[in-house]
There are 8 protein chains.
Amino acid sequence: MTNNVKIILENLKAGKISVDDALLELKKAPFVDLDFAKIDTQRSLRQGAGEVIYGAGKTAKQIANIAKALLENGEKSVLITRIDKDKASLVSLEIGSFKYYEDAQIGIVGDIKSPDTEGTILIATGGTSDIPVAEEAALTAEFLGNRVARLYDVGVAGLHRLLSHTDEIMSASVIVVIAGMEGALCSVIAGLADCPVIAVPTSVGYGASFDGLAALLSMLNCCSSGVSVVNIDNGFGAAYQASMINHIG
Amino acid sequence: MTNNVKIILENLKAGKISVDDALLELKKAPFVDLDFAKIDTQRSLRQGAGEVIYGAGKTAKQIANIAKALLENGEKSVLITRIDKDKASLVSLEIGSFKYYEDAQIGIVGDIKSPDTEGTILIATGGTSDIPVAEEAALTAEFLGNRVARLYDVGVAGLHRLLSHTDEIMSASVIVVIAGMEGALCSVIAGLADCPVIAVPTSVGYGASFDGLAALLSMLNCCSSGVSVVNIDNGFGAAYQASMINHIG
Amino acid sequence: MTNNVKIILENLKAGKISVDDALLELKKAPFVDLDFAKIDTQRSLRQGAGEVIYGAGKTAKQIANIAKALLENGEKSVLITRIDKDKASLVSLEIGSFKYYEDAQIGIVGDIKSPDTEGTILIATGGTSDIPVAEEAALTAEFLGNRVARLYDVGVAGLHRLLSHTDEIMSASVIVVIAGMEGALCSVIAGLADCPVIAVPTSVGYGASFDGLAALLSMLNCCSSGVSVVNIDNGFGAAYQASMINHIG
Amino acid sequence: MTNNVKIILENLKAGKISVDDALLELKKAPFVDLDFAKIDTQRSLRQGAGEVIYGAGKTAKQIANIAKALLENGEKSVLITRIDKDKASLVSLEIGSFKYYEDAQIGIVGDIKSPDTEGTILIATGGTSDIPVAEEAALTAEFLGNRVARLYDVGVAGLHRLLSHTDEIMSASVIVVIAGMEGALCSVIAGLADCPVIAVPTSVGYGASFDGLAALLSMLNCCSSGVSVVNIDNGFGAAYQASMINHIG
Amino acid sequence: MTNNVKIILENLKAGKISVDDALLELKKAPFVDLDFAKIDTQRSLRQGAGEVIYGAGKTAKQIANIAKALLENGEKSVLITRIDKDKASLVSLEIGSFKYYEDAQIGIVGDIKSPDTEGTILIATGGTSDIPVAEEAALTAEFLGNRVARLYDVGVAGLHRLLSHTDEIMSASVIVVIAGMEGALCSVIAGLADCPVIAVPTSVGYGASFDGLAALLSMLNCCSSGVSVVNIDNGFGAAYQASMINHIG
Amino acid sequence: MTNNVKIILENLKAGKISVDDALLELKKAPFVDLDFAKIDTQRSLRQGAGEVIYGAGKTAKQIANIAKALLENGEKSVLITRIDKDKASLVSLEIGSFKYYEDAQIGIVGDIKSPDTEGTILIATGGTSDIPVAEEAALTAEFLGNRVARLYDVGVAGLHRLLSHTDEIMSASVIVVIAGMEGALCSVIAGLADCPVIAVPTSVGYGASFDGLAALLSMLNCCSSGVSVVNIDNGFGAAYQASMINHIG
Amino acid sequence: MTNNVKIILENLKAGKISVDDALLELKKAPFVDLDFAKIDTQRSLRQGAGEVIYGAGKTAKQIANIAKALLENGEKSVLITRIDKDKASLVSLEIGSFKYYEDAQIGIVGDIKSPDTEGTILIATGGTSDIPVAEEAALTAEFLGNRVARLYDVGVAGLHRLLSHTDEIMSASVIVVIAGMEGALCSVIAGLADCPVIAVPTSVGYGASFDGLAALLSMLNCCSSGVSVVNIDNGFGAAYQASMINHIG
Amino acid sequence: MTNNVKIILENLKAGKISVDDALLELKKAPFVDLDFAKIDTQRSLRQGAGEVIYGAGKTAKQIANIAKALLENGEKSVLITRIDKDKASLVSLEIGSFKYYEDAQIGIVGDIKSPDTEGTILIATGGTSDIPVAEEAALTAEFLGNRVARLYDVGVAGLHRLLSHTDEIMSASVIVVIAGMEGALCSVIAGLADCPVIAVPTSVGYGASFDGLAALLSMLNCCSSGVSVVNIDNGFGAAYQASMINHIG
């Protein structure tokens, strides 16, 4: 990927290539060369962290191969999300420095590097059943170079549990609120905090929770300001945006 | 409605009526006489309070006629719900002691009698837009002989507003929580209270509130115990059940 | 948990602790001490009954450990809901006085104490398939110190089955109506009763029952007064609120 | 419309028409001639009753013209459904023997003929707000030559009102049950009757009735046998099928 | 169940029983005696056919016991619906004259009696995948004493398959149309027929069929007259009503 | 918009511009210059027909100005969709050769040019209420240079109406099927035709048509091959794609 | 199937058959003979390609038998869709020239014939998880005699991947766009192309993708012109229509 | 509101107040004093910007009074959202420095202060109909002290329009993407950007857009990382969170 528009143009000007060849190369060049360049680097999280593989719907073989290719291309670490225990076992047979986190359904190749920002991402859950989603978020945030504080099982039914952690809430840079059922935790925390809150509805619940729909709608209608929402159970997505925000300062 | 099965049977035994007549009377008798008796009295709220007319879908004329008939049959007061201002004006022309409450879309014929129980029904709303539903609940509860405490605009986005009224919440006999948008107030109050909480989702909101669906689902998934839910905007229904509960003691 | 605000303040006044220490302790103290106090006791059902563990999403090990901790902290009995047979077997290996009710998916550690109120909670179901939810409700209500009457399989398709039990319906303090499919039982019983009715839609049915949605909507639109609704299949929630109401008198 | 396949074929055999002409006529002929024949007569209700015009989405002019054309083609009476008062006024200016029924939003040209079957169609409603749909059904059934019994406002909240009419229910040939809100009336009546029951959910209600969806789902899940359902507010459709059934005997 | 109100009353008049005993017996008596009488016989299909057991959610043991009890009480045959192969094997071990129809998931104890009406119920399906629902309907109809004609796989995509059976369609007394996916068969057949059509949406399909919702909505909006609809996959319900209609004549 | 990549490159080679300027121009150039060129022409329908303005949500002033600008830039005709009568009146005051089609809610500036392909687009509707959507489709197709055949009110309830037009169906190049309610017309026509069928569900209907959802789902589940679907009421979109297909030959 | 209406009529005229026999034959004849003729040939894909069997819901035995019958009736190749690996193994035991494509869940009996049109159908997917649906489409298109270009994993998150294939997009005759999650690929490709685009939403995704509903709605609302949509995961249907369009030229 | 916990405690220690008085004051104090303090200031946006009034559901009188009270308490400017033209006229009569922005349905009292951060919030819309929501967002962001760049009508159907603004996209600090219909713009922009993207689905569209549901689901399933979503049409909410993020640096 070393060719870019400037080089093509200079070659053209220098008479090394014809107008038609320049035209052809321009079309094939990655758009990065035309200043649409950061598309790829941005998507691949290449900036200071590692690469991510979405494991769902891929075989252990495919995952291992992609991971190897990334390592060979210079990545120091790779985050694999939505990978179940069986696949993880197979992947670990093929790649040395692989560590599996069953709760989070996450595998990491290589080391999680130390935090490279000052701020802390607070990850709060309504109940213990939300913890798998929370751990997906927490490990993702850590992998991307953030300090993470975990505040689990602080659902609004026992408000004192939540209120006794007001310090953590007030001092976070970004908060990821993870809750199923009625998702009320999101409104309460956002009312207490003065930083951006990213809400993750979870599919925890039964009956009229409709697999997370109740929590999703609840969070979208959050009466507190400063809240936005990601897809049901999308701990990765919330952590990814939280990391972006946390790295702004 | 003084005839009942026992009397019919005694008349039959005494030879005052024939078997066929007894059979006929049994069929016509209100089922109360066969121990299905309180159907009517129960439904008509006759026990100690007044009668209720659901005004929606009835003309002013129909409402006035039903109200008159009730008064002629001994009712001292009549509650008319879901009656708009225009209909109320027309009704007031026909019935003397008629008072209209525009906020609540309620009209009352006769006096609201004094509370006949000790307990208090607390009516709390998330925002000011929920007040019409809240007033429907409050006036209904008062009409049915309850003390009512109003606690409006205590949504969880400003938790301190709510927490500064913990005394009222702790001392209520029943709480009616009325909220639109994400309905989180219900979980928070139920977590603070130790009395039954009846939740009323409202159609207040826009977009993904889907006319109250978000609040409804949220309240049905309430993570606090002791909560049940009525239809969207059904302030009357919540107050009616709250009054039943408040009169148990 | 013996410290409370008053003690902290008295210690401060007496010079036993500094202002900063008082401040710190105040923040850590359960809010009960600041009059937000009953949060915890209320949620934990500590008042006269035992503690409840929601078993779904917890391992047998976790359940056993929580139960043991509760027993060590003085609870005499513990109710475990939504626990399947396999988990129950494992729990029973670790805790002595454990009894499992398979129908209800409930396990109870210790004894169910005798009823401590006069009133009776009537639990009625539309069909035999609703019985698991009904038994969750019945055992919960009994665990919380209530007399329970069971009235199963009285769906409105055979109205005489229901009408022949009018006595039980008329004499109940609270009624929990449990029905799937079209949920019509709720309206009919509420029309016959003069006590609060808590309706539990169940996921029993197929096709356009949409896993309980039909019954849920039906019950929310109940044309009889005095009815409120809990989440689909939430026998525990209905019984919990019914117990609250039954203990008011 | 006297030509049919047999005649065409006989004409062909007799040499009166050519093969090509026969082919052409066969294609143009109403399919009744090819044994798909009754399509038209069946759809147009021509058998013993009159023709029907669905008025919604048609102008008064269009309605009047269709009606006139039908009368000119020998119809003695025409039923116009879903026609509002304004259109009806305009139609009445153009056609003599036009009578308008505002409740039912129905106009009838010509006379409603006397019943031509023995059986009775019972039309029952849950509340007074369902009456417009019920009247659409009742007038349609009468127009199609049926005896109709009306049983309005017998919702299950006051079961005695319904039970006191058991005779009518037991003696009907077909029953059309019309109810909004939770639609429970359908199950109760079907449990009492031993004839086919056609259920019409209505859009009466608010909030979680979702414009008739709650009643529709409830009726589709009816736990009594012998029930089928038509579209929300479709009084005409229910009466049409009821008339078909009532004319079988 | 031979006691009835008249006998009770005559016994009372004759001094054989006291007023209180009469009162007690009246309450216990099947309501049939008070003219609510046919409730039970109607529901139990006792009139000329056999009894039905809904097998879903019952154990093989329960099914066998209910069947035995029915046989001991004089039933000659019993229809068991929604019973899978495993349960059927167990039931067949306990009851002699048991025959299982795997396609229809139906078991029948005793003989299917000969048709007792002249008319024919036509059962038509859109595709071969709808046949299990169709067989549930067909066997139910036969069990209830009807002649049944099967017309399978006549979906509208190949209209000629359907049109070549116009005779069967035109000569049926009642038609049960069973179709998944878009359910268009219902409109086409109803346009060809002049008898009542009962439509059964099936859960056959994928994607936007949403488990039968597409077919259900399609059938409810059927543009042909004379159609009503039952629950998704409810072959039994359609056949039951069809049998009622077919026995009217 | 006369600059393109080739010219830029030639200028660069000829030394007329610097590498940096070339780089800058390349970035600003419409992508057509890099062979992503037809983006614009494709979207603007510039190929042989005129330009389209979507009128909904634009003021008459805005519409007139856009139309004028297009005419000044060489367009010979402009199609304006979703424009109501009031806006059309205002537009006609400002632009001379403006013609309004009220049924279709379409305005056309300039002439509709003669068809430039041989094939015919057949536009069929289920009922007369679908005609506005059909006319939007028909006028759009004509505006885009297609022969259009209209086949209105051929719903499947009267199958003979449809079958008598089999010739038109068999000889069309593309068919646009427009139907509300249950949308069955789509399956039947696609079963008869051997050309692509584009289905347009309409919002015609009431109750469980849910504003076109029933027809939409029905059409998506169409059991005939060769069918695809556009948005509810989107006559324009169907005609646009039909025109694309019709111009392939 | 050589008899047709003309022959029947000529035989009749020639006295070879009676009127009644002619009548009978007419009814049995494929409607092709009455000009409804191509129904069958069109549906069976007989025109230049092979026959299709929808494997879902059929046993291996049934599939094999249908395939054999088709081959015996002269088909050279048969396409079997939605057939899983186990069924495929069984089918391969019974039919010689059977090849199975596991990704696509497709089996083909006989050879895929060479393309018989010039145009190319481009099949594009948003991600790798959409490939099974894409392969169903690709193999179907190839089976029906089309050149197919595959463009997989060009989701809009990495726009440069897509833009670097603009040539393929611009030169396709028809494009099938296959995407789950948010389905945005459809709008982007349709904006770049000037040929018809058929969009296939897939059930790939989780949470608020609601099994493909999000992608379906997104594609139906596509802001680019020239797009139509088929059912979720319906690769076959899209390819079938694409083939129809590709064979027009 | 100058009292805080520390002062209360010091007064207590100093003997100035009793333990009971301290207890009382603690309960009344804003929770900020107990470290839950910033609740109020956070919610009221008091930090460096002005106060916000949500105008929907409030009368002009109420709005004016709240605004006046805020001004009297020291606010320099007040933002009023969701206020229509009529209310705005009335408010302007009562408050001097009031300016109304009709597009955005926003009124501002006082001056919008100059930006107090370096970063820019880019606000992009898919179409011109999304501009009202975009202006609500833009004015809110400006009111809160941000530089705002507007990029309207860059929907993906004309990708070159969007790509020609890659510079603005690459250099923004936060991007608010506002789109109705299929919402694809969100995925495309997020794929190009490397800053947080907040997506606002709008209710623009018709038919299967279901008032913004299609765009909402699409955005929640966005395949690009770094995206979160707010409620339909909630321009204010997006801008509020964007401002929070933009002020972090």
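Two residues are taken to be in contact when heavy atoms lie within 4.5 Å. By this criterion, in the predicted model, 15 residues of chain B are in contact with 14 residues of chain D. The area buried between the two chains amounts to about 1200 Å², and carbon and sulfur atoms give 60% of this area.

Polar interactions across the interface of chain B and chain D were then examined. The rule finds 0 salt bridges between these chains, whereas 3 residue pairs are found in polar contact, both residues of each pair being at pLDDT 80 or more. On the side of chain B that touches chain D, the elements giving two or more residues are α3 (39-43) and α10 (213-220) of chain B. The largest share, 3 residues, comes from α3(B). In composition, this side of chain B divides into 7 nonpolar, 2 polar and 6 charged residues.

In general, two copies of a chain are related by a rotation about an axis and a shift along it. Chain B can be laid on chain D with an RMSD of 0.1 Å, by a turn of 90° and a shift of 0.1 Å along the axis. The two copies are therefore related as by a four-fold rotation axis. Among the residues of chain B, B:F210 comes closest to this rotation axis, its C-alpha lying at 7.5 Å.

Key: Residues are numbered from 1 along each chain as its sequence is written. Chains are lettered from A and ligands numbered from 1 in the order in which they are written. This is a predicted model: local features need pLDDT of at least 70, side-chain atom pairs count only at pLDDT 80 or more; totals for chains, interfaces and linings use all residues. Side-chain values use heavy atoms; hydrogens and water are left out. Buried area is the accessible area (1.4 Å probe) that two parts lose on being put together, summed over both. A salt bridge is a side-chain nitrogen of Lys or Arg within 4 Å of a carboxyl oxygen of Asp or Glu. A polar contact is a pair of N or O atoms within 3.5 Å; within protein, one must be able to donate a hydrogen and the other to accept it, and residues adjacent in sequence count only if both atoms are side-chain atoms. Helices (H or I, at least four residues) and strands (E, at least two) are DSSP runs, numbered from the N terminus. Ala, Val, Leu, Ile, Met, Phe, Trp, Tyr, Cys and Pro count as nonpolar, Asp, Glu, Lys and Arg as charged, and the others, Gly among them, as polar. Copies are superposed by least squares on the C-alpha atoms of residues with pLDDT of at least 70 in both.
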